[in-house]
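Dear colleague,

I am passing on the model we spoke about, with some notes on its sheet, its helices and its core. Please look through it alongside the text below.

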Amino acid sequence: MGFVSWVVEATIANKFKRDLFNCIDILALNGPVTLAIQVTSGSNHASRVNKILANEYLGAMLAANWEVEVWSYRKSTKDGWTLRTERIDAKSQDADQGS
């Protein structure tokens with residue numbers, strides 16, 4: 001069996017959207033694996049990575065052994081839709097802090 005997933009982004013009062021922990025759109029589970037995903041456009045990929053790296057809850061998610069990823073999509077006239085994924089882990093966090 002593969003992942004079971006749920007969209008955890010909520011629309012508040014039909015005015016704005018709020019992500020789980022201010023950065024997660026989809027939560028997916030597969031046995032002991034919890035995958036937290038931020039979904040965005042290709043042009044916003046880097047800004048979403050930086051948003052997660054600056055997030056106050058990232059340490060707690062990583063400490064809980066969650067896998068945190070940014071998934072971005074871009075449309076190419078040659079290949080159609082292309083998915084780019086990037087894992088955010090302790091090394092990403094350390095690099096962001098200049099360690």
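In which sense do strand S4 and strand S5 pair, and over how many bridges? Strand S4 (residues 26–30) and strand S5 (residues 33–41) pair in the antiparallel sense, over 5 bridges, where strands are DSSP runs of E with at least two residues, helices are runs of H or I with at least four residues, and both are numbered from the N terminus; two strands count as paired if DSSP finds at least two bridges between them.

Before the rest, some notes on conventions. This is a predicted model, in which local features need pLDDT of at least 70 and side-chain atom pairs count only at pLDDT 80 or more, while totals for chains, interfaces and linings use all residues. Residues are numbered from 1 along each chain as its sequence is written, and side-chain values use heavy atoms, with hydrogens and water left out.

The hairpin of S4 and S5 has 2 residues between the strands, and Gly-31 takes a positive phi near 60 degrees there. Ile-26 has Ile-37 of S5 as its bridge partner, and Ile-37 in turn stands opposite Glu-69 in S6. S5 and S6 pair in the parallel sense over 7 bridges, with Tyr-73 in S6 as the bridge partner of Ser-41.

These strands belong to an open sheet of 5 strands with mixed pairing, in the order S1-S4-S5-S6-S7. S1 and strand S7 (80–88) stand at the edges with a single partner strand each, so one side of each is left without a neighbour in the sheet.

Leaving aside neighbours within four places in sequence, Ser-5 is in contact (heavy atoms within 4.5 Å) with Ile-26, Leu-27 and Ala-28.

Turning to the helices, the buried residues of helix H1 (residues 45–53) are His-45, Val-49, Ile-52 and Leu-53. They cover an arc of only 100 degrees around the axis, which puts them on the same side of H1, the arc being that of the directions from the helix axis to the C-beta atoms.

Of the 14 residues in the largest nonpolar core, Ile-52, Leu-58, Met-61, Val-68 and Ile-88 touch the most other members; such a core is a set of buried Ala, Val, Leu, Ile, Met, Phe, Trp, Tyr and Cys residues joined through side-chain atoms within 4.5 Å. The elements giving two or more residues to this core are H1, helix H2 (58–63) and strand S6 (67–76).

Best regards

Note on methods
Buried < 20%, exposed > 50% of the residue type's maximum accessible area, 1.4 Å probe, protein only.
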